[in-house]
Amino acid sequence: DYISPEFLQLENERLWPKAWQMACREEEISKVGDYVTYEIAGESLVVMRVAPNQIKSFYNVCTHRGRRLQEGFGHAANFYCRYHGWTWNLQGENTYIQDPEDWHGCPGVDKDSLRLRETRVDTWGGFVFVNMDPEAPPLAEYLAPVQEYLDPFEIDKMRYRWYVSVKVPSNWKVGLEAFHEGSHVYTTHPQERGVSD
């Protein structure tokens with residue numbers, strides 16, 4: 001499970017594209033046009049507030065050449081491909097093609113085909129979740145019964161002060177298990193108990 005390339009391939013095919021995943025906090029995309037990118041298993045998604053009460057998630061690729069449209073996080077008035085200049089509005093609709101007459105009659109070059117591909121998106125507790133599987137169960141069903149235990153803590157009203165993102169050169173399960181097993185803190189993180197070397 002930890003070192004097999006075949007097992008990793010199965011996770012990338014059967015786990016990550018089908019699981020609801022936390023992409024960001026709602027306050028990170030508080031204004032229309034605010035976005036964050038989310039990367040998982042070779043896929044890149046853009047999670048964006050597209051209207052005051054609407055968040056969408058799109059595959060972060062130009063539908064023409066597959067070039068990444070956004071990087072990191074920020075604010076944008078539209079999606080713009082820096083390769084040929086093709087442009088999409090915040091709803092993912094193609095609004096500009098360079099030299100459209102060159103494409104007249106080409107199959108797959110119409111407004112519907114050129115839309116940015118969306119993924120599922122939903123929120124709970126102030127977190128924004130994404131899912132690449134159009135047939136996935138709703139987020140509330142996926143999380144149940146967690147909400148009934150955590151909703152009284154009003155997590156949606158909490159705000160993060162800071163966070164750290166670290167790439168760990170290990171299998172993701174090793175990192176996750178380390179956070180589930182608290183007895184390592186005394187030795188690995190002595191600063192957490194007020195002891196210095």
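Biologist: Which backbone oxygen lies 3.4 Å from a polar atom of the side chain of Gln21?

Modeller: A polar contact is a pair of N or O atoms within 3.5 Å; within protein, one must be able to donate a hydrogen and the other to accept it, and residues adjacent in sequence count only if both atoms are side-chain atoms. Here the oxygen belongs to Ala19. This is a predicted model, where local features need pLDDT of at least 70 and side-chain atom pairs pLDDT 80 or more, while totals for chains, interfaces and linings use all residues. Residues are numbered from 1 along each chain as its sequence is written, and side-chain values use heavy atoms, with hydrogens and water left out.

Biologist: Is Gln21 buried or exposed?

Modeller: Buried means under 20% relative accessible area, exposed over 50%, and partly exposed in between (1.4 Å probe, protein chains only). Gln21 has 6% relative accessibility, so it counts as buried.

Biologist: Which residues does Gln21 touch, not counting those up to four places away in sequence?

Modeller: Contact means heavy atoms within 4.5 Å. By that rule Gln21 touches Trp16, Tyr38, Ile40, Val128, Phe129, Val130 and Met132.

Biologist: What is the order of the strands in the open sheet?

Modeller: Strands of a sheet pair through backbone hydrogen bonds, either parallel or antiparallel. Strands are DSSP runs (E, at least two residues), numbered from the N terminus, and two of them pair if DSSP finds at least two bridges between them. In this model the order is E6-E7-E8, with antiparallel pairing. Strands E6 (79-80) and E8 (94-96) each have a single partner strand, so one side of each lacks a neighbour in the sheet. Phe79 has Trp88 in E7 as its bridge partner.

Key. Helices (H or I, at least four residues) and strands (E, at least two) are DSSP runs, numbered from the N terminus.
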